[in-house]
Structure formats: C-alpha cells, structure tokens
Amino acid sequence: MSKDRPGEFELIKQFFAPLASDPGSLGLTDDAAVFVPEAGYDLVLTKDVLAADVHFFKDDTPEAIASKALRVNLSDLAAKGARPRGYLLGLALPADWTEAWLERFCAGLAADQTTFDVRLLGGDTIRSGNGLQVSITAIGQVAAERTVRRSGAKPGDVLFVTGTIGDAAAGLKIRLNKLFSTENKLTDAQERHLLDRYLIPRPRLALSDLLTELASASMDISDGLFADSAHMAAASGVDLEIDLARIPVSPALQQLQSTSRDAYKACLNGGDDYEILAAVPMVGAPAFQTRAAAAGCPVTAIGAVVEGRGTVNCREDGTISAWRDDGGFTHF
C-alpha cells in the first residue's frame, strides 16, 4: 500500500468511526461491538456479499455501491417484519483504491443511515486480490416470536407484491446493451427510471409492522419473482398460483412488453427487484392492501396460495401452466 494512504487504524478513525454513533460500537476502538436488543424482541440477522462486475459495475458511483450494499440487507429485514438496528461492514478494497473514493463511499452509507435510522457497529477492511467486494451483515429486531418466515403460507392466502416488478432486470439489460433502449423505443425518462431501479433498491421497511401483524409468509424478491415464489412454495409445502396479467409493472415495462414479449417475460423473473412477496390470509387481505397504501407502499394482489407440494403455476389468457425453472438470478 502506498505510504501516503492511511494505515488500518487511521482509516478506521478517519472514514468509519464517524458512522459508528451507536454506543454498542464502542467507537470502533475495540475488537467487537456490544449489542443489546430491546426487551421483548428477537434479533434478525442477514448477510449479503456484493462483488464488482457481479452485483454492480465497478465504475458505478461509490455512493450507489454503498447504498446498494446496505439496502439489499435492509430489504431482507423488512421482509421478516424487522426494524434495522445496526450493521457490520466487511470491505475488500482493490489495489487502486483512493481516499477520495472511500470518502464518497462512506458518504453514501451516512446518507442511508439517516434515511433508515441504522448505524455502523463494526467490521473489517482488507485489500482485495480480485476487485472490490462489500459484505454487510444487518441486524434487526422484531417483537418476540413474530418474525415472518417464507415457510408460513397457507392455502387460501392471497399473494401480494409491493411496488413494480422487472424494472431492475430491464435496467441491467440497458447497462449491458447500449442499443436496448432504442430497439425497444424507451423514452429517456423510462430509461432513467430503469437504470435507477437497477442501481438503487428500495427496501420496504414501511411494511415491517404490517407484515408481522397480518402476513402468513414473506420474503424479498431478489432472485426473481417466479424463482422466489418457488422458494416460498417449497418452504411452505403449498402451490402458488400467479396471474401474469395482475403483476404490477411500470410504464417502462409496459413499453417493453409491447416491443419484445420475450425480453419482458425475462425481466419479470430477472431479479434485483428487492420488492416483497407476501402471503396474507384472505380475511386480512383488504386491510393489508388499504394500510399498505396508507403507509406509502402500495401492494398488488397477484394470485393465491393453494394446496400443493411446492409448485408455482402461472395463469395467462385463461390457461394455467407450471412455471419452468429457466430463469432468475443464481449465485453459481
């Protein structure tokens, strides 16, 4: 490492200590944090590792990389009905890192800490031998024994999703193919929307309390709508029926549907949505929909949970067919 760069302890003091305002972090002056959950709450922990040119592009802005790394973890907490309390950061920096880059990266974390009321508790920083890697472990809390799992869906439940589906996957297609927008007659505004949805997830923390109160099962949609629906179906030992016409999509995806049906369907299961898939008992479904909208996070009923053994069935033009596992994001 260059002599004009800060060493490990100087780096912690200069860049990361200002993010660690929770008393349990001990100001990042010790080898571990001390974390005490509130009485009557369970802890929920989740970890995601993001690597350059796998989960983000190495030339993305430092602020966006930091934001995505934190938010994908907060999305997992939201789906469990948990409120974020803190996070641990593992950062593997490439050989060409600069103080200016790291300052902007930490500024991105600082902004999201304010937005989502979460604080850095600790972590580790090393030199990477293979590009930038960011690992975050997020810690949340939920009322004791109220964590919403993916395994609780019951026949008769209504299947809901938040937001719109497929935008992030379309944004990635634009990043990979400079002609994609032109070929599909996307407007400049539609292109910007899709690129933004790929770059910056929106964790649906506004629904955390509502999920613990009304949902039978919940999970975030990261691998793709149908792939994650299959995960819920398998974990719950049920079948899920999804009406393709009811899946909420943005105007940009509607445009894509009109120009390339194949690309449109691929985007629906392309991953990186970071929306929430929830199963809600029918008796609570109207309240769930009304209160979600009031919380600023509209939900859409896209199908139902039925008796079965882990299959996802898709309804289109009156025909029902089993979803084939020919898409969605995979880690290997």
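## The sheet

Two strands are said to pair if DSSP finds at least two bridges between them, and strands (E, at least two residues) and helices (H or I, at least four residues) are DSSP runs, numbered from the N terminus. This is a predicted model, in which local features need pLDDT of at least 70, side-chain atom pairs count only at pLDDT 80 or more, and totals for chains, interfaces and linings use all residues. Residues are numbered from 1 along each chain as its sequence is written, and side-chain values use heavy atoms, with hydrogens and water left out.

Four strands form an open, mixed sheet in the order β1-β4-β2-β3, and its edge strands, β1 (41-51) and β3, each pair on one side only. Strand β2 (residues 83-93) is joined to strand β3 (residues 119-127) in the parallel sense by eight bridges, with L91 opposite T125 of β3, whereas β1 and strand β4 (residues 133-143) are antiparallel over 11 bridges, with T46 opposite A138 of β4.

## Two packed helices

Helix α4 (residues 167-176) packs against helix α10 (residues 261-268) at an angle of about 120°, with the axes 7 Å apart; axes are lines fitted to C-alpha atoms, for helices over the stretch in contact, and angles run from 0 to 180 degrees between N-to-C directions. This makes α4 oblique to α10, because angles under 35 degrees count as roughly parallel, over 145 as roughly antiparallel, 65 to 115 as roughly perpendicular and the rest as oblique.

The contact (heavy atoms within 4.5 Å) is made by A169, A170 and K173 of α4 together with A263, A266 and C267 of α10.
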